[in-house]
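Please keep the sequence and the structure in view while reading the points below.

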Amino acid sequence: MKSKLKIIVLAFCAFFLAANFYAQDNSDSSSEDENAPDIYDDIEYVYQQNAPGDQFINIRIMPNFPLNFDNTLHIGGQITVSYNRFLTSWLAVGAELAFGYNPTIGSNIFTYIPMTACVTFLPTIKKFEFPITVNAGVAVENYLSNTYFPGLVLRAGAGAYYRINESWSAGIEGFFTYMPQWYFKDSSKNDYLNMASVSAGMKYHF
């Protein structure tokens, strides 16, 4: 019986010593961890207003001012809707659909539906964005009973937008548009339209 008691006492002492040694070792490790440099202290988080993969939809309304045709083509209007995706934080590509019109003499209407690809260079300063956009594509053009397709459309513009919040921005842009009509069978009918436009727009970012 005494021998069994001795074994129990010795086992208890061994367990106590082992537990005490383990606690001491953990305490030393914890103090070393506290003195060790935090690897996250050197990480700097930078907020990007636009990042690769971000997308936005841009809706604009604008008056159109013909720069040629004298007084035969009057001031009209246009609405555009475009989808864009950022390749980098400052470069986006996309596609745009528009509808425009200009009254002519005799109370007639010249209409056009441009369908273009667009590239936008978008530098930013704090919450301000300064888009520079180039569009190229084709248009369906109609005047009286005559339809011209495909008509070439080239457009370039620049503007300024203010980022209201993470999802919305608003601003203005100015554009120059070139729309020629080429008739290869009868070049005497060839013509072109130059237009200036000033737009008010809204962007939805997602």
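Where in the chain is the place of Leu-144? The place of Leu-144 is the loop between strand 7 and strand 8. The model described here is a predicted one. The protein chain has 206 residues, of which 31% count as buried, and its secondary structure comes to one helix and ten strands. Read from the N terminus on, the order of elements is α-β-β-β-β-β-β-β-β-β-β.

**Strand pairing**

- Strand 4 and strand 7 are paired in the antiparallel sense over twelve bridges. In this region Phe-110 stands opposite Tyr-143, a residue of strand 7.
- Strand 7 also pairs with strand 8, again in the antiparallel sense, over eleven bridges. Val-138 has Leu-152 of strand 8 standing opposite.
- Between strand 8 and strand 9 the pairing is antiparallel and runs over ten bridges. Tyr-161 has Gly-171 in strand 9 as its bridge partner.
- Strand 9 and strand 10 pair in the antiparallel sense over 14 bridges. Here the bridge partner of Glu-173 is Ser-199, in strand 10.

**Turns and backbone geometry**

- Most residues other than glycine have a negative phi, and most peptide bonds are trans.
- Strand 7 and strand 8 form a hairpin with two residues between them. Leu-144, in the turn, has a positive phi of about 55°.
- Leu-144 counts as exposed because its relative accessible area is 53%, and the cut-off for that class is over 50%.
- Strand 8 and strand 9 also form a hairpin, with four residues between them.
- Ser-107 is not a glycine, yet its phi is positive, at about 60°. Ser-107 is found in the loop between strand 3 and strand 4, and with a relative accessible area of 72% it is exposed.
- Phe-149 and Pro-150 are joined by a cis peptide bond, with omega at about -5°. Pro-150 lies in strand 8.

**Largest pocket**

- Rolling a probe the size of a water molecule over the atoms shows where empty space is left.
- The largest pocket holds about 460 Å³ of space.
- Its lining consists of 19 residues, and those nearest the centre are Phe-69, Phe-110, Tyr-143, Gln-181 and Asp-191.
- Strand 7 (132-143), strand 8 (146-163), strand 9 (168-181) and strand 10 (191-205) are the elements that each give two or more residues to this lining.
- Sorted by class, the lining of the largest pocket has ten nonpolar, six polar and three charged residues.

**Aromatic pairs**

- A pair of aromatic rings is described by the distance of the centres and the angle of the planes.
- The structure holds eight aromatic pairs.
- Trp-90 is partly exposed, with a relative accessible area of 41%, and Phe-121 is partly exposed, with a value of 37%.
- Tyr-178 and Tyr-192 form a tilted pair, at 6.1 Å centre to centre and 45° between the planes. Tyr-178 lies in strand 9 and Tyr-192 in strand 10, so this pair ties together parts that are 14 residues apart in sequence.
- Tyr-178 counts as partly exposed at 26% relative accessibility, and Tyr-192 is partly exposed with a relative accessible area of 40%.
- One aromatic cluster is formed by Trp-168, Tyr-204 and Phe-206.

**Charge over rings**

- The charged end of Lys-203 sits over the ring of Phe-56, at 4.7 Å from the ring centre.
- Lys-203 also lies over the face of Tyr-161, 4.3 Å from the centre of that ring. Tyr-161 is the residue whose bridge partner in strand 9 is Gly-171.

Technical notes:
Residues are numbered from 1 along each chain as its sequence is written. This is a predicted model: local features need pLDDT of at least 70, side-chain atom pairs count only at pLDDT 80 or more; totals for chains, interfaces and linings use all residues. Side-chain values use heavy atoms; hydrogens and water are left out. On a 1 Å grid over the protein atoms alone, a cavity is a set of points where a 1.4 Å probe fits but cannot get out, and a pocket is an open set with protein on both sides within 12 Å along at least five of seven lines; lining residues have an atom within 4 Å of a point. Grid points are joined across faces, edges and corners, and a volume is the space filled by probe spheres set on the points. Ala, Val, Leu, Ile, Met, Phe, Trp, Tyr, Cys and Pro count as nonpolar, Asp, Glu, Lys and Arg as charged, and the others, Gly among them, as polar. Rings of Phe, Tyr and Trp (its six-membered ring) pair if their centres lie within 6.5 Å; planes under 30 degrees apart count as stacked, over 60 as edge-to-face and the rest as tilted. Buried means under 20% relative accessible area, exposed over 50%, partly exposed in between (1.4 Å probe, protein chains only). A charge sits over a ring if NZ of Lys or CZ of Arg is within 6 Å of the ring centre and within 35 degrees of the ring normal. Two strands pair if DSSP finds at least two bridges between them.
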